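Have the sequence and the model side by side. We will walk from the inside of the fold to its surface.

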Amino acid sequence: MVRFLYAALLGLVGAAVVHIAVLLLVPVYSERDAWSRLAEAGPAFQVVSLDRSGRNSPFAKGANPLMATSACRFSLGTGVVHYFADGEVPFWSVSIYGRRGQNFYSFNDRTATDRKLDVVIASPVQMVELRKELPEEYASSVFVETDEREGIIVARTFVPDPTWNGLAGAFLNSAVCRQE
């Protein structure tokens, strides 16, 4: 019985130490979220290349060697966001995340009109106004309606081998992220 009480007490003390350590580390890690790292890499609405080599990337750890990636921070504060890119690559995908990193929309070239990367992100009120008179340039866009006020657009393209680096880089470098 004494051994059981000793083990239980030791377990409780160990759990308390772990919980205190986690609580003390939360501020350190919460300041290093994806939003903060992208903010250091460039201003909002600037497409930032997430270099797979790790030299210039704020997200080098765990990068997929077969994917080239770029990201853009956005805000729906004063208008809709239009994100688009030109080029022919074997595969691309786009994920849209909220300010806190929750993915709320994803699509790829197989589900986009004419396999073109063209997305418009708007709040519900902005979407109603946009649909009243749809601009011609949005004719083939994918529309994403969200309650999130800020977010991150992440575009990825498949790079099957090093000979595709030029096309993948050109595709991601052609990306435009702007508020309209």
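This is a predicted model: local features need pLDDT of at least 70, side-chain atom pairs count only at pLDDT 80 or more; totals for chains, interfaces and linings use all residues.

Strand β8 (residues 150-158) runs antiparallel to β4, and the two share seven bridges. Trp92 has Thr157 of β8 as its bridge partner. Strand β5 (residues 103-108) also pairs with β4 in the antiparallel sense, over five bridges. Here Ser95 stands opposite Ser106 of β5. β4 and β5 form a hairpin with four residues between them. In that turn, Gly101 has a positive phi of about 95 degrees.

Next comes the packing. The largest nonpolar core has 26 residues. Those that touch the most other members are Tyr83, Trp92, Val94, Leu117, Val119, Ile121 and Ile153. Two or more core residues come from each of β2, β3 (81-85), β4, β6 (117-122), β7 (142-145), β8 and α4 (165-173). Take Ile121 as an example. Leaving aside residues up to four places away in sequence, Ile121 touches Phe74, Leu76, Val80, Val81, Ile96, Val144, Thr146 and Ile153.

Thr69 lies in strand β2 (residues 67-75). Is Thr69 buried or exposed? Its relative accessibility is 15%, under the 20% limit, so Thr69 counts as buried. Beyond residues up to four places away in sequence, its contacts are Val48, Ser49, Leu50, Val154, Ala155, Arg156 and Leu172.

Turn to the charges. The whole structure holds seven salt bridges. One of them joins the side chains of Lys116 and Glu88, at 3.7 Å from N to O. Lys116 lies in the loop between β5 and β6, and Glu88 in the loop between β3 and β4, so the pair ties together parts that are 28 residues apart in sequence. Lys116 is partly exposed at 36% relative accessible area, whereas Glu88 is exposed at 59%.

Asp109 has two salt-bridge partners: Arg110, at 2.5 Å, and Arg115, at 2.3 Å. Asp109 itself is buried, with a relative accessible area of 1%. Arg110 is exposed at 54%, and Arg115 is partly exposed at 41%. Shared partners join Asp109, Arg110 and Arg115 into one network.

Finish at the surface. Phe4 belongs to helix α1 (residues 2-30). Phe4 counts as exposed, at 56% relative accessibility. With Met1 and Leu5, Phe4 forms a nonpolar surface patch of about 400 Å² accessible area together.

Terms used. Residues are numbered from 1 along each chain as its sequence is written. Side-chain values use heavy atoms; hydrogens and water are left out. Two strands pair if DSSP finds at least two bridges between them. Patches are made of residues with over 30% relative accessible area and no salt bridge: like charges are joined within 9 Å, nonpolar side chains (Val, Leu, Ile, Met, Phe, Trp, Tyr) within 5 Å. Accessible areas come from the Shrake-Rupley method with a 1.4 Å probe; for residues, only the protein chains shown count as cover. A salt bridge is a side-chain nitrogen of Lys or Arg within 4 Å of a carboxyl oxygen of Asp or Glu. Buried means under 20% relative accessible area, exposed over 50%, partly exposed in between (1.4 Å probe, protein chains only). Contact means heavy atoms within 4.5 Å. A nonpolar core is a set of buried Ala, Val, Leu, Ile, Met, Phe, Trp, Tyr and Cys residues joined through side-chain atoms within 4.5 Å.
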